[in-house]
Amino acid sequence: MTTKVKFSSGRVMPTVGLGTCAPLQGEEEIIDAVKAAVKAGYRHIDCAAIYRNERAVGHALKELFVMGVVRREDLFITSKLWNTCHRSDLVLPSLKKTLEDLGLDYVDLYLIHWPMAYKEGGELCPVDENGKTQYSDVDYLETWQALEDCFDMGFIKDLGLSNFNSKQIDRLWNAARIKPVALQIEINCHNTNKKLIQFAEAKGLTIIAFAPLGTPCHVETHTRIIDEPVVLDIAKSVGKSTAQVALRFLLQQNILVIPKSVTPRRIEENLKVFDFKLSDTDMDKLMTLNKNYRTYDEKIALEHKFYPFYEEF
């Protein structure tokens with residue numbers, strides 16, 4: 001199992017990254033988590049404007065650069081364009097804000113976070129007086145064209161998509177001057193997403209799994225992946241943690257993972273997934289845990305014309 005994969009563009013990306021979607025954490029915890037991750041050996045940090053912590057990530061990166069722990073060219077930094085900035089004239093300013101917050105001249109990978117556009121110029125999740133999400137009619141093809149211009153300017157090394165369904169990917173693919181190289185979607189033992197993965201891989205897209213360990217949300221009605229008896233049994237048999245087993249399950253399918261944590265011990269543990277292999281029997285057992293259970297479904301956009309999850313995949 002390699003620790004890096006090559007995009008269709010020829011550039012390479014580490015197979016394990018640190019997810020920074022930690023809305024309940026303060027800036028200091030994010031700073032400490034990024035520093036701990038890089039010192040542990042992570043070379044990929046996954047960010048997004050909507051996480052509202054890119055300044056903290058940037059603070060940590062600056063410290064790491066100044067201390068000589070790592071060089072910018074040794075890191076792979078991903079970020080994502082938020083839904084209120086899909087209009088073509090807002091794409092570059094949003095990207096520049098991300099670069100300013102991160103303290104970088106470029107990002108290695110920039111994704112359209114969702115295919116849906118929200119009303120511009122106000123809150124990140126704008127609502128009307130009745131609490132209903134306010135949408136924008138901007139087509140993601142317009143957004144992509146603006147991103148292609150940003151790519152030409154050198155601010156982005158590779159472009160990709162997040163939370164797009166197969167029909168949306170196909171539509172964008174056929175219109176794109178610069179093809180996407182990656183698709184980031186929710187994948188884990190409870191949501192294997194096999195059909196979409198197969199479709200995207202046929203396009204040459206690299207697959208990145210967010211929420212690879214599931215989520216602690218809804219634990220009162222839903223067994224956590226790391227508490228599944230099958231995962232516990234396999235972890236015991238291979239002498240690894242349940243989280244390591246769940247991550248290895250994806251890595252052996254050539255799916256990249258971006259587990260999130262602010263705990264140094266877990267951050268280190270999540271990177272130690274290259275010194276063991278799951279058997280075919282173990283892989284089959286883990287595959288049977290699939291429930292097509294999606295946690296991150298952006299239900300506030302159910303009525304948007306580009307809501308992605310009405311399609312089978």
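A cavity is a set of points, on a 1 Å grid over the protein atoms alone, where a 1.4 Å probe fits but cannot get out. By this rule the structure holds one cavity of 30 Å³ or more. The model is predicted: local features need pLDDT of at least 70, side-chain atom pairs count only at pLDDT 80 or more, and totals for chains, interfaces and linings use all residues. Residues are numbered from 1 along each chain as its sequence is written, and side-chain values use heavy atoms, with hydrogens and water left out.

**The largest cavity**

- The volume of the largest cavity is about 70 Å³, where a volume is the space filled by probe spheres set on grid points that are joined across faces, edges and corners.
- The largest cavity is lined by 13 residues, and H190, G214, T215, H222 and Y293 are the closest to its centre; a lining residue has an atom within 4 Å of a point.
- Four nonpolar, seven polar and two charged residues make up this lining.
- In this grouping Ala, Val, Leu, Ile, Met, Phe, Trp, Tyr, Cys and Pro count as nonpolar, Asp, Glu, Lys and Arg as charged, and the others, Gly among them, as polar.

**The second largest pocket**

- A pocket is an open set of points with protein on both sides within 12 Å along at least five of seven lines.
- The second largest pocket contains about 330 Å³ of space.
- Its lining consists of 21 residues, and N191, N193, R294, E312 and F313 lie nearest the centre.
- By type, the lining of the second largest pocket comprises eight nonpolar, seven polar and six charged residues.
- Both β8 (182-186) and α6 (194-202) supply at least two residues of this lining, and α6 gives the largest share, three residues.
- Helices (H or I, at least four residues) and strands (E, at least two) are DSSP runs, numbered from the N terminus.

**Helix α6**

- L196, I197 and A200 are the buried residues of α6; buried means under 20% relative accessible area, exposed over 50%, and partly exposed in between (1.4 Å probe, protein chains only).
- These buried residues line one face of the helix, because they fall within an arc of 100° when seen down the axis of α6; the arc is that of the directions from the helix axis to the C-beta atoms.
- The buried residues of α6 pack against α5 (166-175), β8 and β9 (206-210), with contact taken as heavy atoms within 4.5 Å.

**A60 in helix α2**

- A60 belongs to helix α2 (residues 54-67) and counts as buried, at 0% relative accessibility.
- Leaving aside residues up to four places away in sequence, A60 touches I31, V34 and K35.
- A60 and A36 are 24 residues apart along the chain, and their C-alpha atoms are separated by 9.6 Å.

**Cysteines**

- The whole structure contains zero disulfides, a disulfide being a pair of cysteine sulfur atoms within 2.5 Å.
- C47 is buried, with a relative accessible area of 0%, and its sulfur is 11 Å from the closest cysteine sulfur, in C21, which is too far for a bond.
- C85 counts as buried at 18% relative accessibility, and its sulfur is 11 Å from the closest cysteine sulfur, in C150, too far for a bond.

- N292 lies in the segment after α10 (280-287) and has a positive phi near 50°, although not a glycine.
- N292 counts as exposed, at 58% relative accessibility.
- E298 is also found in the segment after α10; its phi is positive, about 45°, in a residue that is not a glycine.
- E298 counts as buried, at 17% relative accessibility.
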